[in-house]
Amino acid sequence: MATAEFDVTGIGNAIVDVIAHADDAFLTANGIEKGAMTLIDAARAEALYSRMGPGIEVSGGSAGNTMAGIASLGGKGAYIGKVHGDQLGQVFRHDIRAAGVHFETAAGHGGAPTARCLILVTPDAQRSMNTFLGACVELGPEDIDEALIANSQVTYLEGYLWDPPRAKEAFRKAASTAHGAGRKVSLSLSDSFCVHRHHAEFLDLVEGHVDILFANEHEITALYKTDRFEDALEAVKRLGKTAALTRSEKGAVIVSGGEVVEVPAAPVARVVDTTGAGDLYAAGFLYGFTRGMSPAVCGRIGALAAAEIISHVGARPDVVLADLLPDLLKDAGVPA
């Protein structure tokens, strides 16, 4: 791959997460779809926020989390996403830059406020997300920095970005720019409900415009409209592309050029919160990919990053992930 200043540029919904614990009865009483990401309006966001218990506020957003993970691993990442010039927007900008990620997208003014995601974590560690997109809907093709995309080995797009209408134009412009510069395009399917909402378009994206695909078991079976993971895997193999298909405690199946490698999940003492597990898996995988590592090693780094993130509340690393790498790479026979 040609020399590039950045390993990965992520494009996604710039969101501040509000995370609180809740039981299943709270979800039922408030009409919350367990384990899914549901889009809500401003009134619903205010009402739900008023009913939530004590929580923490941290910068999030799927692609933003992935970029923070890449930076924590020692990679060089950049981010494109829309925030408002309000307090939460300033918090998001500070946090992602403090994590070591390049972020220069201009803030919006006079429009919708910065997006926020109200996340309820149940005792089984499942997270149910209620997202008010706010300023995210203002992201458009004019926000795509073509020079930045051309100077990144991989452009990483989150599936959630397909919900705001103008973001689709930005999405397409970024993919076209990346391929025009001889770079790779990566997509995370993000959520099975997101796949159902945009099924035909996602299928076209995966088959015609994406080089590296990330999906969990539910998302990939939704994409290929089957109840069997094995059938979806066969469909992915026929694509002849790179794909990382995660299966929670069962580990992941990596497909590369039709070849299949199974990678076990990394051990974790206690699963606290699964928020960001897929985001950090993608971070680890892309960190290895942009360094020419084998699919198996990329998968192991992804599993390591995901294991760290589910061991605590929040979707940004609590430790420097680069400190966890040496033993893994030594065990895998990768030169330091």
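## Basis

The model is predicted: local features need pLDDT of at least 70 and side-chain atom pairs count only at pLDDT 80 or more, while totals for chains, interfaces and linings use all residues. Residues are numbered from 1 along each chain as its sequence is written, and side-chain values use heavy atoms, with hydrogens and water left out.

## Ile40

Ile40 lies in the loop between strand S3 (37-39) and helix H2 (42-51); helices (H or I, at least four residues) and strands (E, at least two) are DSSP runs, numbered from the N terminus. With a relative accessible area of 12%, Ile40 is buried (under 20%; exposed is over 50%, partly exposed in between; 1.4 Å probe, protein chains only).

Neighbours within four places in sequence aside, Ile40 is in contact with Ala45, Leu118, Asn130, Thr131 and Phe132 (heavy atoms within 4.5 Å).

## Cysteines

The whole structure has 0 disulfides, a disulfide being a pair of cysteine sulfur atoms within 2.5 Å. Cys136 is in none, and the nearest cysteine sulfur, that of Cys117, is 10 Å away.

Cys136 is buried, with a relative accessible area of 1%. Cys298 is also buried, with a relative accessible area of 1%.
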